[in-house]
Each structure stands twice: as C-alpha cells, then as structure tokens.
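Please look through the sequence and the model shown below before reading on. The paragraphs that follow lead from the packing of helices to a ligand and then to a peptide bond.

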Amino acid sequence: MNSAVRAVLFDVDGTLADTERDGHRLAFNAAFEEFGLDWEWEVELYGELLAITGGKERIRHFMENHAPAELSRSGLDDWIAGLHKVKTKHYVNLLEDGGIPLRPGVARLIHHLRDTNIKMAIATTTTPENVTALLKSTLGEDSPGWFDVIGAGDIVPGKKPEPDIYHWVLDQLGLPAQQCVAIEDSENGLRASLAAGLDTIITISDYTRLQDFSGAAVVLSDLGEPAQPFTVLEGNLPFTGWVDSALLLSLKGEYRERP
Ligand code: XBP
Ligand code: MG
C-alpha cells in the first residue's frame with residue numbers, strides 16, 4: 001500500500017507529449033489560413049506566445065500586440081471562440097493521424113501507476129477534446145478511462161499559473177495535495193502546482209528548458225526508461241534512471257525498494 005502518494009497529476013502539453021511546436025502551433029496556423037488571415041506563428045514567436053496559457057487567451061494577446069485593428073470586430077469574443085474551435089478541429093485531426101508520440105517514460109509510468117494503488121489525473125489548460133484525442137491516439141481507445149479525474153480548459157476561471165485547475169482536480173479526487181505529486185514541464189505550470197501545495201517533478205521540454213524551476217522537487221530531462229535513463233538537472237534523488245512509485249514515495253520522505 002503506497003500511503004504517502006495516492007495520486008499523480010499530469011500536465012499535458014509539453015509533459016505527456018511535445019505538442020506545442022509541431023502540434024498546437026500548426027493547428028493555429030491552419031485555422032488562421034481557413035479564416036483568411038495572413039497571420040503565421042513561427043517557431044520563435046510561438047515560444048514567446050506560450051507565456052499566455054490557453055489558446056483563446058493566446059489569440060487575443062497576439063491581436064493586442066500584432067493585429068490591434070482586428071480588435072474592433074463586433075462580437076470579438078465569439079469570433080475568437082470560432083477561430084479557436086477550428087484550431088481544435090485541426091489539432092484533433094493531427095493527433096488522430098498519429099502525429100505526436102508520447103515523451104520517453106510517459107507510457108511506462110502510466111502503465112506502472114495502473115499496476116499500483118496510485119491514482120492518475122490530468123490538470124491542463126488545454127481543451128478537453130485535445131486531451132482525449134492525445135490519450136486515445138497514443139495509449140488506445142480506453143485510456144481516458146484510466147484517469148480518475150480529467151481537469152481541462154475552461155472548467156475553472158483562472159488558467160495556469162493560477163492554481164485553479166489543480167484545486168479543482170484535487171477536490172474531485174477528494175485528496176489533499178500532500179498525498180499527491182504533480183508532473184509539469186513549464187514555469188507557468190509549476191507556479192500553478194506549487195500554489196496548490198503540490199510536490200512537483202519537472203520534465204523540461206524544448207520551449208521551457210531555460211525557465212525558472214525554483215521550488216520544484218526535482219528537474220529531470222524526462223521521465224526516463226530503464227533502457228533510456230533520465231538526467232537529473234536540479235535536485236537530489238535516491239534513485240537514478242526512471243520515475244516510478246519508489247521514486248515518487250521518496251519525494252515524501254518514504255523509502256522503499258524499487259518494485
Ligand atoms: C498548454 C496551453 C494550451 C495549449 C493550447 O498548457 O497553454 O493553451 O498551448 O491548447 P498545459 P488550447 O501545458 O498546462 O496543458 O488551444 O486548447 O488552449
Ligand atoms: Mg505544459
């Protein structure tokens with residue numbers, strides 16, 4: 001019985017898979033084209049825009065800074081929502097075509113947690129359809145049901161770095177933050193999880209590697225596999241190589257042999 005860790009809360013974009021540069025970014029650009037807009041989010045610009053979490057919020061922020069004339073459209077909120085809906089359609093299509101694999105160690109850890117007493121949840125700012133599509137395309141049709149709670153998108157008023165989504169997921173799980181661990185890839189995500197009181201593992205991603213991860217329990221290259229171990233970038237661990245239940249328990253000061 002793993003008493004000290006009852007659930008792992010996974011972020012999605014950048015954590016489960018590298019979805020941003022070759023997924024969301026391309027879907028935004030395809031939606032802009034479909035709407036007859038001459039906007040194109042290049043790789044570097046998109047990295048800057050990621051400071052704003054949430055696709056609709058990101059589009060509005062871009063308009064404020066790069067296309068202010070468009071802000072005077074009547075029904076602006078609905079127009080942005082419509083554009084974002086088309087973006088979601090393109091993104092889901094891309095995933096359904098098998099466009100984006102899971103990051104190293106993710107599938108292994110998910111299967112491992114299913115074999116233990118540790119629950120799994122999702123806490124993300126992305127749209128719910130995107131989460132389901134990513135899980136199904138990488139882990140199979142049934143996989144969304146493996147998660148006790150999926151918290152996504154506009155279900156809470158404040159997106160990361162606000163802690164709302166983590167509070168909501170913890171509430172749905174009925175567990176205190178002290179008995180859970182979050183896995184994130186970004187500073188915005190870390191601010192959210194820490195503000196909700198969660199010990200947090202960071203697995204850096206391309207867009208986030210230079211961000212400030214102070215407060216994280218540990219910063220890793222990825223979740224690791226026995227045959228492809230992670231690199232520890234910040235922090236100390238009594239285990240090398242891969243994240244598993246023994247490593248999670250060690251974050252709570254409990255030491256067990258590796259299963
Ligand atoms: C990811 C986000 C999302 C995605 C785009 O945050 O900020 O906005 O970039 O998805 P997290 P939507 O890593 O916390 O999941 O367009 O559906 O918002
Ligand atoms: Mg993320």
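**Helix packing and a ligand site**

Helix α3 (residues 55-66) and helix α4 (residues 76-96) have axes that come within 9 Å of each other and cross at roughly 120°, where axes are lines fitted to C-alpha atoms, for helices over the stretch in contact, and angles run from 0 to 180 degrees between N-to-C directions. That angle makes α3 oblique to α4, given that angles under 35 degrees count as roughly parallel, over 145 as roughly antiparallel, 65 to 115 as roughly perpendicular and the rest as oblique. Helices (H or I, at least four residues) and strands (E, at least two) are DSSP runs, numbered from the N terminus. This is a predicted model, in which local features need pLDDT of at least 70 and side-chain atom pairs count only at pLDDT 80 or more, while totals for chains, interfaces and linings use all residues. Residues are numbered from 1 along each chain as its sequence is written, chains are lettered from A and ligands numbered from 1 in the order in which they are written, and side-chain values use heavy atoms, with hydrogens and water left out.

Where do α3 and α4 make their contact? On the α3 side it is formed by Gly55, Lys56, Ile59, Arg60 and Met63, and on the α4 side by residues including Leu76, Trp79, Ile80 and His84, contact meaning heavy atoms within 4.5 Å.

Helix α4 also meets helix α1 (residues 20-34), and the axes of these two come within 8 Å and cross at roughly 130°, so α1 and α4 are likewise oblique to each other. Among the contacting residues are Asp22, His24, Phe28 and Phe32 of α1, together with His84, Lys87, Tyr91 and Leu94 of α4.

With helix α6 (residues 128-139) the axis of α4 comes within 9 Å and crosses at roughly 10°, and the two helices are therefore roughly parallel to each other. Here Lys87, Thr88, Tyr91, Val92 and Leu95 in α4 meet Glu129, Asn130, Ala133, Leu134 and Ser137 in α6.

Some of these residues return around ligand 1, which is surrounded by 18 residues, the closest being Gly55, His84, Lys87, Thr124 and Thr127; a residue is counted if one of its heavy atoms lies within 4 Å. A backbone N or O atom of Gly55 lies 2.6 Å from an oxygen atom of the ligand, and a polar side-chain atom of Lys87 lies 2.7 Å from an oxygen atom of ligand 1. A polar backbone atom of Asp13 is 3.0 Å from an oxygen atom of ligand 1.

The last feature is a peptide bond. Most peptide bonds are trans, but a cis peptide bond joins Lys160 and Pro161, with omega about 15°, and Pro161 lies in the loop between β3 (149-151) and α7 (164-173).

Terms used:
A polar contact is a pair of N or O atoms within 3.5 Å; within protein, one must be able to donate a hydrogen and the other to accept it, and residues adjacent in sequence count only if both atoms are side-chain atoms.
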